[in-house]
Amino acid sequence: MEVGKPEVTFVLGGPGSGKGTQCGKLVEKHGFIHLSAGDLLREERNSGSKDAELINEYIKEGKIVPVEITCNLLKKAMEANGWDKSRFLIDGFPRSQDNLDGWNEVMGDVVNVSTCLYLNTSEDIMTERILKRAETSGRVDDNEEAVKKRLSTYLESTIPIIKHFEELGKTVEVDSTGEIEDIFSTIETSMKLVEE
Ligand code: UP5
Ligand code: MG
């Protein structure tokens, strides 16, 4: 790790692959700071800011919000958490080449992206989990139609980003099918957070 720069792990995977769940566990046990791009966008929408309506439309359609908005929210959240000597999990970003380009422009020199944790499971399992959560979540995109759109955006735009980090030797792929605790153990060993 480069001295003085915060270390970033991007956590990617399809909708319902378990990004938020596993990030929560990584925070609890390994002291990462977790920033979910989706949560930050939902907060910004709920704040009623000038971008609120636009953000809501993109989320409802499962489309990717313009990178300037997301990157700015991430940067502000990183600053608010204390910049130096931190290890951040950035969950659900970058989702496209445009996201990655926007990030590199603003953050390329100031952080060190060490890892892309890729949670991979089947479309059926992702859909099943989200439709179950839909019973209680109140998320505007937790319904069958929006899930289909989210999955297609993921396949089209996000998979190439995961591949890009794979080519750089930074992608750590974990099968996120099965029990939460088992997946977490695999993440811990794959990311070398514990001895094997
Ligand atoms: N669950 C989790 N793990 C389980 C397991 N092993 N077994 C059984 N159940 C499990 O999990 C989803 C549900 O499954 C939960 O109910 C959980 O209990 C259960 P979760 O951990 O929440 O999965 P996660 O991958 O975080 O799913 P999420 O729905 O958050 O993924 P998305 O990537 O779709 O959502 P996100 O919030 O990141 O983005 C939403 C939208 O915001 C995007 O579609 C997009 O429009 C917009 N966005 C941008 O435009 N740009 C960004 O950079 C980020 C988001
Ligand atoms: Mg999430």
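Mentor: Helices here are DSSP runs of H or I with at least four residues, strands are runs of E with at least two, and both are numbered from the N terminus. Lys-192 sits in the segment after helix 8. The model is predicted, so local features need pLDDT of at least 70 and side-chain atom pairs pLDDT 80 or more, while totals for chains, interfaces and linings use all residues. Residues are numbered from 1 along each chain as its sequence is written, and chains are lettered from A and ligands numbered from 1 in the order in which they are written.

Trainee: Why is Lys-192 called exposed?

Mentor: A residue is exposed if 12 or fewer other C-beta atoms, placed from the backbone, lie within 10 Å of its own, buried if there are 20 or more, and partly exposed in between. Lys-192 has 10 such atoms and therefore counts as exposed.

Trainee: What makes the backbone of Lys-192 worth a remark?

Mentor: Its phi is positive, about 55 degrees, although Lys-192 is not a glycine. Most residues other than glycine have a negative phi, and most peptide bonds are trans.

Trainee: Which peptide bond is cis?

Mentor: The one from Phe-93 to Pro-94, with omega near 0 degrees. Phe-93 lies in the loop between strand 3 (87-91) and helix 5, and Pro-94 is in that loop too.

Trainee: How do you know whether Phe-93 is buried or exposed?

Mentor: Count the neighbours. Phe-93 has 28 other C-beta atoms within 10 Å, so it is buried. Beyond four places in sequence, Phe-93 is in contact (C-beta atoms within 7 Å) with Phe-10, Ala-37, Thr-70, Leu-74 and Asn-99.

Trainee: What does the record say about Asn-99?

Mentor: UniProt lists Asn-99 under "binding site", in an unreviewed entry. Such annotations may be inferred rather than shown by experiment, and their positions are given in the numbering used here, with feature names shortened. In the model, Asn-99 belongs to helix 5 (residues 97-107).

Trainee: Why is Asn-99 called buried?

Mentor: Because 21 other C-beta atoms lie within 10 Å of it. Apart from neighbours within four places in sequence, Asn-99 contacts Ile-64, Val-67, Thr-70, Phe-93 and Pro-94.

Trainee: Where does Val-65 lie, and what makes it buried?

Mentor: Val-65 is in the loop between helix 3 and helix 4 (67-80). It is buried because 23 other C-beta atoms fall within 10 Å. Its contacts, not counting residues up to four places away in sequence, are Leu-41, Ile-55, Tyr-58 and Thr-70. UniProt, again in an unreviewed entry, places "binding site" at Val-65 and at other positions including Arg-42, Phe-93 and Pro-94.

Trainee: Why do Gly-20 and Arg-133 count as partly exposed?

Mentor: Gly-20 has 15 C-beta neighbours inside 10 Å, so it falls in the in-between class. Arg-133 has 13, and therefore falls there as well. Gly-20 is in helix 1, and Arg-133 is in helix 6. Another "binding site" annotation of the unreviewed UniProt entry covers both, along with others such as Thr-21 and Gly-178.

Trainee: Which residues are closest to ligand 1?

Mentor: Of the 29 residues that surround ligand 1 (C-beta atom within 6 Å), the closest are Pro-15, Thr-21, Ala-37, Gly-38 and Gly-92. At least two residues of the shell come from each of helix 1, helix 2 (37-46), helix 3 (52-60), helix 6 (123-137) and helix 8. By class, the shell has 11 nonpolar, 10 polar and 8 charged residues. Nonpolar means Ala, Val, Leu, Ile, Met, Phe, Trp, Tyr, Cys or Pro, charged means Asp, Glu, Lys or Arg, and the others, Gly among them, are polar.

Trainee: How is the packing of helix 1 and helix 8 described?

Mentor: Two packed helices are described by the angle between their axes and the distance between the axes. For helix 1 (residues 19-30) and helix 8 (residues 180-190), the angle is about 65 degrees and the axes are 10 Å apart. Axes are lines fitted to C-alpha atoms over the stretch in contact, with angles from 0 to 180 degrees between N-to-C directions. Helix 1 contributes Thr-21, Gln-22 and Lys-25 to the contact, and helix 8 contributes Ile-180, Ile-183, Phe-184 and Ile-187. These divide into 4 nonpolar, 2 polar and 1 charged.

Conventions
Contact = placed C-beta atoms within 7 Å.
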